[in-house]
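Here is a short briefing to read alongside the model. Please keep the structure open as you go through the points.

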Amino acid sequence: MDGHATDTFDVAGLVPGFQPPQPAPAQDDAQLAAADARMRHWREPADGPLVPGSDRHGDATCRMFRDTFNPYRPAVLDWPVLEPAVRDRIVALPIWDIAVQTEGKARLRMAAYAGTLRDPAMRDALALNAWEEQRHKDVLARMVAAYGIDLAPEPVQHPPRDPEWGYLVTGYSECIDSFFAFGLFELARRSGLFPPALVDTFEPVMQEECRHILLFANWAAWHRARLSFLRRVRFEAKVAAVWAFLAWERIGLARAMDADGARAQDNNFTLHGAQSVADDGVGVRDLLALCVAENDRRFAGYDERLLRPRTVPRLARLALRLARLFGRRR
Ligand SMILES: [Fe+2]
Ligand SMILES: [Fe+2]
């Protein structure tokens, strides 16, 4: 008995016909390493362009997601015994409620949208993504139980009234959050304030988020290219509204009600997080540069013909360029 609370979310309840991955048999170290390498590298064997919106592009996107699936099991993850000071630092991080609730929201929104798709391969890919969010939630729940972290009661979450809006909010949120999480994670690793064993345990989760936003960026390009003119205009307006909503939420102008009526999370933990994972603090510029480098590194193993999320890395590169220019002038 590990004190871990069971959570019975079933993706197939929202995506009829979805077959969850079978539990992987126990694996030795070589098999685990092979699965890890498979998760990080993928290339479409056939040459030629992957034109956004084409059947080939959709097919490659879905196969990338299926082929890079890592069958790790949360139940067998090792939670290292921590020094009391390290454990206290981890327990005190103000992110656990947000993290658990975000995974819960992501699985629900992804499954809800997947259930509306007619293309069977894309439906399966998005449903698998929802299943992986469920697994992230399971990993977090086990960690929370292992280290005695107290969580606030989770609000009941309902499927979004507009599944496409819900999926877009979740997808673009992941694009923003993962970009910063990649840098913060590396900062935590380099600082040595978190034991390597704990960093290793979370590494597959971090790489999975990279796969998720790779899937999202390619779904978005595939989806928008297949819309009629009028539907495309409507879609682009919705995307613009999603970005405005996310900017509003993150700038912290208001703890607005989100589309489902749930309280939006405090999403300003990137810099607070940087203070928590590095003893001597870290400048915004160094953190941004690290996020850019880590983002490039995590995507480097995937076929370069698949599209990457572009907005946040571009904004970060622009900010770094401006900071350099401004720094020189002074
Ligand atoms: Fe996740
Ligand atoms: Fe994700």
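What covers the buried residues of helix 2? The cover includes helix 5 (120–147) and helix 7 (196–225). This is a predicted model, in which local features need pLDDT of at least 70, side-chain atom pairs count only at pLDDT 80 or more, and totals for chains, interfaces and linings use all residues. Residues are numbered from 1 along each chain as its sequence is written, while chains are lettered from A and ligands numbered from 1 in the order in which they are written.

**The chain overall**

- The chain holds 11 helices and 0 strands; helices (H or I, at least four residues) and strands (E, at least two) are DSSP runs, numbered from the N terminus.
- Of its 330 residues, 33% count as buried, a label for residues with 20 or more other C-beta atoms within 10 Å of their own, where 12 or fewer is exposed, anything in between is partly exposed, and C-beta atoms are placed from the backbone.
- Among contacts in the chain with a separation of 6 or more, 84% join residues 24 or more positions apart; two residues are in contact if their C-beta atoms, placed from the backbone, lie within 7 Å.

- Helix 2 covers residues 55–67, and its 13 residues reach 18 Å from the first C-alpha to the last, close to the 18 Å expected (1.5 Å times one less than the number of residues).
- Its buried residues are His57, Gly58, Ala60, Thr61, Cys62, Met64 and Phe65.
- The axes of helix 2 and helix 7 come within 10 Å and cross at roughly 165 degrees; axes are lines fitted to C-alpha atoms, for helices over the stretch in contact, and angles run from 0 to 180 degrees between N-to-C directions.
- That makes helix 2 roughly antiparallel to helix 7, a term for angles over 145 degrees, with under 35 being roughly parallel, 65 to 115 roughly perpendicular and the rest oblique.
- Their crossing is left-handed, meaning that the near helix is turned anticlockwise from the far one by less than a right angle (clockwise would be right-handed).
- His57, Gly58, Thr61 and Phe65 of helix 2 make this contact with Arg211, Leu215, Asn218, Trp219 and Trp222 of helix 7.
- By class, the contact of helix 2 with helix 7 has 4 nonpolar, 4 polar and 1 charged residues; Ala, Val, Leu, Ile, Met, Phe, Trp, Tyr, Cys and Pro count as nonpolar, Asp, Glu, Lys and Arg as charged, and the others, Gly among them, as polar.

**Two residues to look up**

- His57, in helix 2, is buried because it has 21 other C-beta atoms within 10 Å.
- Beyond its neighbours within four places in sequence, His57 is in contact with Leu50, Val51, Pro52 and Trp222, and its C-alpha is 9.3 Å from that of Trp219, 162 residues apart along the chain.
- Asp124, in helix 5, is partly exposed, with 19 other C-beta atoms within 10 Å.
- Again leaving aside neighbours within four places in sequence, Asp124 is in contact with Phe18 and Cys62.

**Helix 4 against helix 5**

- Helix 4 (residues 96–114) packs on helix 5 at an angle of about 160 degrees, with the axes 8 Å apart, so helix 4 is roughly antiparallel to helix 5.
- Helix 4 also passes helix 5 in a left-handed crossing.
- By class, the contact of helix 4 with helix 5 has 14 nonpolar, 4 polar and 5 charged residues.
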